Amino acid sequence: VMLKTNPGLGKAPGPGRVRVTPDSRSVLVTGNATNMLEIVDAQTLEPRQAIPVEAGPQGVTIAPDGRTAFVANLGAGSVSVVDLSTGKVSRSIKVGSTPEFILYATIR
């Protein structure tokens, strides 16, 4: 996806992880070498937005309501909380050494 949608990203090593939004309209792709979370149109595969996150983004997950993404930043030891309506990181949470995967779970 990243090679097709963004020639600049295509020159760097491949993407980290990919997630589809709950409404199936967008695909979120982490760019480990670019420190970006790219939002791609799921039908056209055209890039919509590239959001800067912290170093070494790998895992990405999305809240069930589709409004917030969480990116595990392997290089920074953090999780970026991304407001998908504004396309900005709303906060960064330090979580310790080398987070790679992330999962959103609800507790009932």
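Two strands pair if DSSP finds at least two bridges between them. The structure described here is a predicted model. Its secondary structure amounts to two helices and eight strands, which follow one another from the N terminus as α-α-β-β-β-β-β-β-β-β.

**Overall composition and confidence**

- The protein has 108 residues, of which 36% count as buried.
- Of the contacts between residues at least 6 apart in sequence, 36% join residues at least 24 apart.
- The average pLDDT of the protein is 88, and 87% of the residues score at least 70.
- Residues 8-12 have a pLDDT under 50, and for this stretch the model shows seven contacts beyond four places in sequence.

**The sheet β1-β2-β3-β4**

- Four strands form an open sheet in the order β1-β2-β3-β4, and their pairing is antiparallel.
- The edges of this sheet are β1 (18-20) and β4 (47-52); each has a single partner strand, so one side of each is left without a neighbour in the sheet.
- On average, neighbouring strands of this sheet are turned by 20° against each other, direction ignored.

- Six bridges connect β7 and β8, which pair in the antiparallel sense.
- The bridge partner of Asp83 is Lys88, a residue of β8.

**The aromatic pair**

- One aromatic pair is present in the structure.
- Phe70 and Tyr104 make up this pair, which is tilted, with 5.8 Å from centre to centre and 35° between the planes.
- Phe70 belongs to strand β6 (residues 68-73) and Tyr104 to the segment after β8 (88-94), so the pair ties together parts that lie 34 residues apart in sequence.
- Tyr104 has a relative accessible area of 35% and is therefore partly exposed, a class that lies between buried, under 20%, and exposed, over 50%.

**Ser80, a residue of strand β7**

- Ser80 is located in strand β7 (residues 78-83).
- With a relative accessible area of 1%, Ser80 is buried, as the limit for that class is under 20%.
- The side chains of Ser80 and Asn73 are joined by a polar contact of 2.9 Å.
- Beyond its neighbours within four places in sequence, Ser80 is in contact with several residues, among them Val53, Glu54, Ala69, Val71, Val89 and Arg91.
- Phe70, a member of the aromatic pair, is also one of the residues in contact with Ser80.

**Gly75, a residue of a loop**

- Gly75 lies in the loop between β6 and β7.
- The relative accessibility of Gly75 is 61%, so this residue counts as exposed.
- Apart from its neighbours within four places in sequence, Gly75 is in contact with Ala55 and Gly56.
- Gly75 and Ser97 are separated by 22 residues in sequence and by 8.3 Å in space, C-alpha to C-alpha.

How values were computed
Residues are numbered from 1 along each chain as its sequence is written. This is a predicted model: local features need pLDDT of at least 70, side-chain atom pairs count only at pLDDT 80 or more; totals for chains, interfaces and linings use all residues. Side-chain values use heavy atoms; hydrogens and water are left out. Axes are lines fitted to C-alpha atoms, for helices over the stretch in contact, and angles run from 0 to 180 degrees between N-to-C directions. Rings of Phe, Tyr and Trp (its six-membered ring) pair if their centres lie within 6.5 Å; planes under 30 degrees apart count as stacked, over 60 as edge-to-face and the rest as tilted. Buried means under 20% relative accessible area, exposed over 50%, partly exposed in between (1.4 Å probe, protein chains only). pLDDT is the predictor's confidence in each residue, from 0 to 100. Contact means heavy atoms within 4.5 Å. A polar contact is a pair of N or O atoms within 3.5 Å; within protein, one must be able to donate a hydrogen and the other to accept it, and residues adjacent in sequence count only if both atoms are side-chain atoms.
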